[in-house]
Amino acid sequence: MTSVSAISVRVQEVDFEVDALLLAIRQGRPQIGAIACFIGTVRDLNPSGAVGSMFLEHYPGMTEQSLQAIASQALERWKLQAVTIVHRVGLLKPMDQIVAVLTASAHRQDAFQSCEFVMDFLKTEAPFWKKERVDGQDRWVQARSSDEEARRRWV
C-alpha cells in the first residue's frame with residue numbers, strides 16, 4: 001500500500017529549484033539515507049539539426065494522473081520513503097530544465113533503481129507531446145525506440 005503523502009507530482013510552466021525539491025522530499029523523513037535525482041534539460045542539438053526551442057504540451061489532469069501512477073508503481077516495487085516528479089510544459093530553450101525526478105529511500109540501491117524506473121516509464125507512458133523548432137522549422141518529436149527498450153527491461 002502506498003501513501004499519497006509520499007508522492008509529489010507537479011506539471012508546471014515555471015522553472016523549479018532543485019535545492020527546494022531536495023529540502024521538501026527530506027522534510028519530516030529522518031529515515032532517508034539516499035536521494036537519487038535526475039534532472040532532464042533541453043539539448044541544443046539533435047540528429048536533424050540545431051534546436052532553437054521546444055514546446056511541450058500535455059493533457060491536464062490525465063498527465064498528473066499518469067505521473068502519480070508511475071510514482072505509485074515505484075513505491076510498490078522499492079522500499080522508498082518518497083517520490084517527487086516535476087515536469088515542465090510550455091516553451092523551453094536549450095539548457096532549460098524540463099524534468100526532475102527524485103526518489104528517496106534508506107539505501108542508495110533502491111533510490112538509484114527507482115529513479116531510473118520512473119524516468120523510463122515517464123518517457124514512454126506520460127502524455128506529453130514535444131514540438132521542436134529546428135533550423136527555423138517546427139516538427140513533432142517522435143518516440144525513440146531506445147526509450148521503449150529501456151522501459152521494457154522493467155516489465
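These legends accompany several close-up views of one predicted protein model. Because the model is predicted, local features need pLDDT of at least 70 and side-chain atom pairs count only at pLDDT 80 or more, while totals for chains, interfaces and linings use all residues. Residues are numbered from 1 along each chain as its sequence is written, and side-chain values use heavy atoms, with hydrogens and water left out.

**View 1. The whole chain, for orientation.** The protein chain has four helices and nine strands, where helices (H or I, at least four residues) and strands (E, at least two) are DSSP runs, numbered from the N terminus. Following the sequence, their order is β-α-β-β-β-α-β-β-β-α-β-β-α. The radius of gyration is 16 Å, close to the 15 Å that the globule rule gives for 155 residues, so the chain is as compact as a globular protein of that length; the radius is taken over C-alpha atoms, and the rule is 2.2 Å times the number of residues to the power 0.38. Along the principal axes, the C-alpha atoms fill a box of roughly 50 × 35 × 30 Å. Of the 155 residues, 45% are buried (buried means under 20% relative accessible area, exposed over 50%, partly exposed in between, with a 1.4 Å probe and protein chains only).

**View 2. Helix H3 and its cover.** Helix H3 takes in residues 108–125. At 1.5 Å a residue, its 18 residues should span 26 Å, and the end C-alpha atoms are 25 Å apart, which agrees; the expected span is 1.5 Å times one less than the number of residues. Which residues of H3 are buried? They are Asp110, Ala111, Ser114, Cys115, Phe117, Val118, Met119, Asp120, Phe121 and Leu122. Their cover includes strands S2 (34–41), S5 (80–88) and S7 (97–105), along with helices H2 (62–77) and H4 (145–152).

**View 3. Arginine 151 on helix H4.** Look for arginine 151 in helix H4. With 15% relative accessibility, arginine 151 counts as buried. Leaving out residues up to four places away in sequence, arginine 151 touches Asp120, Phe121, Thr124 and Glu125 (contact means heavy atoms within 4.5 Å).

**View 4. Phenylalanine 55 on strand S4.** Phenylalanine 55 sits in strand S4 and is partly exposed, at 32% relative accessibility. What does phenylalanine 55 touch, not counting residues up to four places away in sequence? The partners are Gly90, Leu91, Trp129, Lys130 and Lys131.

View 5. Serine 48 belongs to the loop between strand S3 (45–46) and strand S4 (49–58), and its relative accessible area of 40% makes it partly exposed. Beyond its neighbours within four places in sequence, serine 48 is in contact with Val134, Asp135 and Arg139. Aspartate 135 lies in the loop between strand S8 (128–134) and strand S9 (137–140) and is exposed, at 56% relative accessibility. Its phi is positive, about 50°, although aspartate 135 is not a glycine. Most residues other than glycine have a negative phi.

**View 6. Methionine 95 in its loop.** Another positive phi, near 80°, belongs to methionine 95. Methionine 95 is in the loop between strand S6 (90–92) and S7. Is methionine 95 buried or exposed? With a relative accessible area of 73%, methionine 95 is exposed.
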